[in-house]
Amino acid sequence: MPHTSEWKTHLYLFEEEHTTKARVELDTGTTRLTGRGTARCNPTDKDVPEIGDELAAARALENLAQQLKRTAYGEMAAAGAPPQRAPLTAYDLG
């Protein structure tokens, strides 16, 4: 049975004093998740804002992906599938 859906995402970047923060919001129509990521520029490095944007966004997307996997694994378990668990990442630990 064919299935098509559209998920909406928004990515927000904030930069202040050598720190870039990213927030990515996902709305699937039934689930809303928010991923977060941060990048810091070493004071001795050249300040290149694009690099901070890229790293913070990538980390926010990784965080979102982990949340989405945990959500899917929970739904699989509720449907009777064998238990699954998303691996922990540095974002989960702190």
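## Terms and model

Helices (H or I, at least four residues) and strands (E, at least two) are DSSP runs, numbered from the N terminus. The structure is a predicted model, in which local features need pLDDT of at least 70 and side-chain atom pairs count only at pLDDT 80 or more, while totals for chains, interfaces and linings use all residues. Residues are numbered from 1 along each chain as its sequence is written, and side-chain values use heavy atoms, with hydrogens and water left out.

## Overall layout

The protein chain has two helices and three strands. Their order from the N terminus is β-β-β-α-α.

Of the 94 residues in the protein chain, 22% are buried. Here buried means under 20% relative accessible area, exposed means over 50%, and partly exposed lies in between (1.4 Å probe, protein chains only). The accessible surface of the protein chain is about 7,000 Å², and carbon and sulfur atoms hold 54% of that surface. These areas come from the Shrake-Rupley method with a 1.4 Å probe; for residues, only the protein chains shown count as cover.

A contact means heavy atoms within 4.5 Å. Among contacts in the protein chain with a separation of 6 or more, 35% are between residues 24 or more positions apart.

## The loop between β1 and β2

Glu17 is found in the loop between β1 and β2, and His18 lies in that loop too. Glu17 has a phi near 45°, a positive value in a residue other than glycine. His18 is not a glycine either, and its phi is positive at about 65°. Glu17 counts as exposed because its relative accessible area is 68%. His18, with a relative accessible area of 41%, is partly exposed.

Thr19 lies in strand β2. Thr19 counts as buried because its relative accessibility is 19%. Leaving aside residues up to four places away in sequence, Thr19 touches Phe14, Thr38, Ala39 and Arg40.

## Thr31

Thr31 is in the loop between β2 (19-27) and β3 (32-40). With 19% relative accessibility, Thr31 counts as buried. When residues up to four places away in sequence are not counted, Thr31 touches Leu26, Thr71 and Glu75.

## Salt bridges

Side chains of opposite charge can pair when their charged atoms come close. A salt bridge is defined as a side-chain nitrogen of Lys or Arg within 4 Å of a carboxyl oxygen of Asp or Glu. The whole structure contains two salt bridges.

Lys8 is partly exposed at 46% relative accessibility, whereas Glu6 is exposed at 59%. Another salt bridge joins the side chains of Glu25 and Arg23, at 2.9 Å from N to O. Glu25 is partly exposed at 23% relative accessibility, and Arg23 is partly exposed at 22%.

## A negative surface patch

Glu15, Asp47, Glu50 and Glu54 form a patch of negative charge on the surface. Patches are made of residues with over 30% relative accessible area and no salt bridge; like charges are joined within 9 Å, and nonpolar side chains (Val, Leu, Ile, Met, Phe, Trp, Tyr) within 5 Å. Lys and Arg count as positive and Asp and Glu as negative, while His and the chain ends are not counted. The place of a charge is taken as NZ of Lys, CZ of Arg, CG of Asp or CD of Glu.

Glu15 lies in strand β1 (residues 8-16). Glu15 is partly exposed, as its relative accessible area is 42%.
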